Amino acid sequence: MRLIGLTGSIGSGKSTVARRLRELGVPVLDADEYAREGAEVLRPEICRAFPEACAGGEVNRAVLGRLVFSDPEARRRLEAILHPYVRRRMQEETEKARQAGHRLVVQDIPLLFEAGRERDFAGVLVVAAPTHLRQARVMTRSGLSEAEFAARDKSQLPQEEKVRRATWVIWNDADLETLYKRVEAWYREVAG
């Protein structure tokens with residue numbers, strides 16, 4: 001089985017690439033999904049660490065997001081809580097895919113390079129797009145302000161560095177049909 005890492009900067013279209021790979025039959029394991037699951041499972045621990053982001057024992061994701069994207073130390077504290085859970089879930093699901101006979105499994109990890117995970121994979125696929133397109137997509141889809149987009153983008157490794165360190169790069173700088181053709185070409189090359 002070939003294990004591939006998938007990453008990209010905020011607004012790059014990584015989720016769209018992941019969706020297309022799933023449509024092609026590739027198991028794509030989403031670290032963000034397991035982080036949301038972990039935030040529920042680990043809610044008491046998160047609320048102890050970030051009481052200002054909790055009300056009545058519930059995590060306010062918007063407040064928590066503002067905290068961790070404006071304070072690197074707060075982000076490290078949250079990652080120390082969530083990352084072990086996410087890694088364990090990714091390993092469990094990767095093993096299930098291997099046992100099911102899949103020859104290719106993709107782990108979608110937004111902070112793959114930041115976490116030093118590139119050595120865990122046969123290769124890393126980076127989805128990239130011009131900053132102005134990424135910003136427009138994020139502001140349209142999530143309602144983040146320019147400043148909030150900039151803070152989140154700045155909290156990650158610069159896109160240029162991700163592209164430099166990638167095994168493969170898919171540019172998402174055109175329409176959806178073009179992106180899908182690029183994903184399909186990559187899939188044929190890698191699954192070949």
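**Ground rules**

I am working from a predicted model, where local features need pLDDT of at least 70, side-chain atom pairs count only at pLDDT 80 or more, and totals for chains, interfaces and linings use all residues. Residues are numbered from 1 along each chain as its sequence is written, and side-chain values use heavy atoms, with hydrogens and water left out.

**The disulfide**

I found one disulfide in the structure (a pair of cysteine sulfur atoms within 2.5 Å). Cysteine 47 and cysteine 54 are its partners, with 2.2 Å from S to S. I checked both for accessibility: cysteine 47 and cysteine 54 are buried (buried is under 20% relative accessible area, exposed over 50%, partly exposed in between, using a 1.4 Å probe and protein chains only).

**The cores**

Next I went to the largest nonpolar core, which has 17 residues (a nonpolar core is a set of buried Ala, Val, Leu, Ile, Met, Phe, Trp, Tyr and Cys residues joined through side-chain atoms within 4.5 Å). Ile4, Leu6, Val17, Leu21, Val106, Leu125 and Trp186 touch the most other members. Two or more residues come from each of strand 1 (2-8), helix 1 (14-23), strand 5 (104-108), strand 6 (123-128), strand 7 (168-171) and helix 9 (176-191). Here helices (H or I, at least four residues) and strands (E, at least two) are DSSP runs, numbered from the N terminus. Helix 9 gives the most to this core, with four residues.

I then listed the contacts of tryptophan 186 (heavy atoms within 4.5 Å). Leaving aside residues up to four places away in sequence, tryptophan 186 touches Ile4, Leu21, Val106, Leu125, Trp168 and Ile170. There is also a second, separate core of 15 residues, with Leu3, Leu29, Tyr34 and Ala166 among them.

**Helix 4 against helix 5**

Which residues make this contact? From helix 4 I noted Leu64, Leu67, Val68 and Ser70, and from helix 5 Pro72, Ala74, Arg75 and Leu78.

**Histidine 102**

Is histidine 102 buried or partly exposed? Histidine 102 counts as partly exposed because its relative accessibility is 31%. I located histidine 102 in the loop between helix 5 and strand 5. Not counting residues up to four places away in sequence, histidine 102 touches Met1, Gly25, Pro27 and Ala97. I also checked proline 72: its C-alpha atom is separated from that of histidine 102 by 38 Å, with the two 30 residues apart along the chain.
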